[in-house]
Amino acid sequence: MSSPVVNGLSVDVEDWFQVGAFEGVIDRDSWDSLSDRVERNCALILDLFAAADVRGTFFTLGWVAQRHGPLMRRIVAAGHELASHGWDHARVFRMDRAEFGADLARSRKALEDAAGVPIKGYRAPSFSIDQRTPWAYMELAEQGYTYSSSVAPVVHDHYGWRDAPRFAFRPLPWSPLIEIPVTTAQFVGRRLAAGGGGFFRVLPYRFSRWAIRQVNQQDGRPAVFYFHPWEVDPEQPRVPNAPLRSKLRHYTNLEVMADKLKLLLGDFAWGRMDILAHREAQQAVEMAA
């Protein structure tokens with residue numbers, strides 16, 4: 001009997017007030033005055049992962065790492081990978097190359113100072129590397145990152161690079177850097193977002209199970225799954241002046257997220273993104289010019 005495909009398990013570590021859905025109504029200058037719940041929520045996630053005996057990657061904001069050194073060290077001590085999610089959740093397509101480079105360097109320093117381990121992986125906030133940022137991969141490669149998981153190869157109102165490959169690819173012909181897109185499934189010729197986050201939380205669990213099985217069994221490739229610490233926190237503060245669509249996306253089904261994660265962790269094999277990147281490097285295709 002063949003071994004199951006080991007999928008990539010990831011957590012985008014940001015607090016409830018740092019999400020893209022609320023960026024228009026919560027000022028960055030107010031963050032330090034708001035209720036900090038990231039440590040409590042990450043502790044719950046670490047316990048979930050330990051109970052399921054799985055390891056994953058925690059793509060963490062430098063802003064969070066600077067304020068939560070003990071949490072960063074606990075993540076590493078538990079056998080998980082610590083990777084970068086940028087400094088303060090600024091989207092890559094809203095920066096130029098110099099700003100992006102500074103953001104990468106600042107977040108990496110905060111993470112390495114907090115945890116004492118090298119940082120080799122990166123995920124752009126809101127999957128914001130796309131056709132508008134051709135310089136982003138050059139900056140990642142020059143700063144020594146080995147992989148990125150920053151592309152959502154779908155159409156979405158907040159993000160998406162529709163024409164990107166569904167699976168691992170090499171964005172630069174001269175660099176070993178690889179990009180591992182978040183998972184999509186195929187249905188009647190269309191790509192469907194199926195890599196976690198709000199889609200996992202809002203839709204019935206059977207959809208995610210079907211999608212990951214399709215990727216594992218039909219495509220023979222690993223899935224890439226992500227979620228956020230605030231998604232396991234139904235008691236988090238509410239943002240009353242946020243747009244209705246943002247509130248629906250953010251607060252729907254928070255109370256069932258932890259139980260759905262338990263099902264997911266039991267139904268499939270999971271591992272760290274850096275190990276997945278190493279395995280996928282042999283199958284990664286070159287990005288068409």
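**Exercises on aromatic rings and burial**

A search of the whole structure, which is a predicted model, finds 21 aromatic pairs. Local features need pLDDT of at least 70, side-chain atom pairs count only at pLDDT 80 or more, and totals for chains, interfaces and linings use all residues. Residues are numbered from 1 along each chain as its sequence is written, and side-chain values use heavy atoms, with hydrogens and water left out.

**Exercise 1.** Classify the pair formed by phenylalanine 22 and tyrosine 251, and locate both residues.

*Solution.* Step 1: rings of Phe, Tyr and Trp (its six-membered ring) pair if their centres lie within 6.5 Å; planes under 30 degrees apart count as stacked, over 60 as edge-to-face and the rest as tilted. Step 3: phenylalanine 22 belongs to the loop between β1 (6-13) and α1 (38-52), while tyrosine 251 is in helix α8 (residues 244-251); the pair links distant parts of the chain, 229 residues apart. Helices (H or I, at least four residues) and strands (E, at least two) are DSSP runs, numbered from the N terminus.

**Exercise 2.** Determine whether phenylalanine 22 and tyrosine 251 are buried or exposed.

*Solution.* Step 1: buried means under 20% relative accessible area, exposed over 50%, and partly exposed in between (1.4 Å probe, protein chains only). Step 2: phenylalanine 22 has a relative accessible area of 0%, so this residue is buried. Step 3: tyrosine 251, at 12%, is therefore buried as well.

**Exercise 3.** Identify the rings over which the charged ends of arginine 106 and arginine 108 sit.

*Solution.* Step 1: a charge sits over a ring if NZ of Lys or CZ of Arg is within 6 Å of the ring centre and within 35 degrees of the ring normal. Step 2: arginine 106 has its charged end over the ring of tryptophan 87, 3.8 Å from the centre of that ring. Step 3: for arginine 108, the ring is that of tyrosine 145, with 4.3 Å to its centre.
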